[in-house]
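Visitor: Please show me the sequence and the structure, and then let us go through them together.

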Amino acid sequence: MTAARVGIGGPVGSGKTALIEAILPHLAAAGIDTAVITNDLVTDEDAERLRRGGQLPPERVLAVQAGACPHTVIREDPTLNIAAADRLERDFPGLDLILIESGGDNLASTFSPDLVDFWMFVIDVAGGDDIPRKKGPGILQADLLVVNKADLAPHVGVDLPLMLDQAQAVRGGRPVIATVCRRDQGVAGILDLLRREVLFR
Ligand SMILES: Nc1nc2c(ncn2[C@@H]2O[C@H](COP(=O)(O)OP(=O)(O)OP(=O)(O)O)[C@@H](O)[C@H]2O)c(=O)[nH]1
């Protein structure tokens, strides 16, 4: 058995790391053995944040430094990420799930099918309710679209139900989940989907 590899992409600051922080306790409660790979440009910032958070033993968080456009190492040449995932599987036999967080990127970023079995794209309401209508490849092609920071909708003049409807329409009805990762809202729904579609348990 190999671990499921799940990508998490999306624009800078949309809440990719916050989503990982929010979902780790759900995964632990469900007995799903998890490790994480982070991708930053030239630092280990996100990995350090997750290690400090203490939700996983520090050795279960590996950092990949992209050094270039973030999508290069998750799409064009995912060698570094594949090597990191293989290493985690070797070091932790019985691993169920590897979450691979991309560096913050643009709406065109996608994951190579050589790297992941499933990937989600995280946008946030503060980026504007026109983002789904722009139909970037990330929004159209991701297995799951997460619309985070739903709590900010009233403050930034976004009609959240309309934004979700439009997201669903451009994605032909494929899954869209609204979250407030900071308050653990909507995150259980992401776990349910991963269990159904990827973990099969
Ligand atoms: N209001 C609100 N803020 C949030 C939520 N989720 C994340 N944030 C905040 O948004 C900011 C960015 O969150 P991160 O988790 O660092 O976002 P990221 O996508 O990992 O960022 P990069 O790795 O830099 O691309 C932080 O200040 C978070 O506290 C949310 O649901 N609601």
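Guide: Helices (H or I, at least four residues) and strands (E, at least two) are here DSSP runs, numbered from the N terminus. This is a predicted model, in which local features need pLDDT of at least 70 and side-chain atom pairs count only at pLDDT 80 or more, while totals for chains, interfaces and linings use all residues. Residues are numbered from 1 along each chain as its sequence is written.

Visitor: Which helix gives the largest share of the shell around the ligand?

Guide: A residue is near a molecule if its C-beta atom, placed from the backbone, lies within 6 Å of it. Of the 17 residues around the ligand, those that come nearest are Gly15, Lys16, Thr17, Ala18 and Gly104. The largest share of the shell, three residues, belongs to residues 16-29, that is, to helix α1.

Visitor: What is the order of the strands in the open sheet?

Guide: Two strands pair if DSSP finds at least two bridges between them. On each of the edge strands, β3 (61-65) and β7 (176-178), pairing occurs on one side only. The seven strands, with parallel pairing, have the order β3-β2-β4-β1-β5-β6-β7.

Visitor: Which residue in β7 stands opposite Val146?

Guide: Strand β6 (residues 144-148) runs parallel to β7, and three bridges join the two. In β7, the residue opposite Val146 is Ile177.

Visitor: At about what angle does helix α2 run to β2?

Guide: Axes are lines fitted to C-alpha atoms, for helices over the stretch in contact (C-beta atoms, placed from the backbone, within 7 Å), and angles run from 0 to 180 degrees between N-to-C directions. Helix α2 (residues 45-53) lies across β2 (34-40), β3 and β4 (97-101), and its angle to β2 is about 145°.

Terms used
Contact = placed C-beta atoms within 7 Å.
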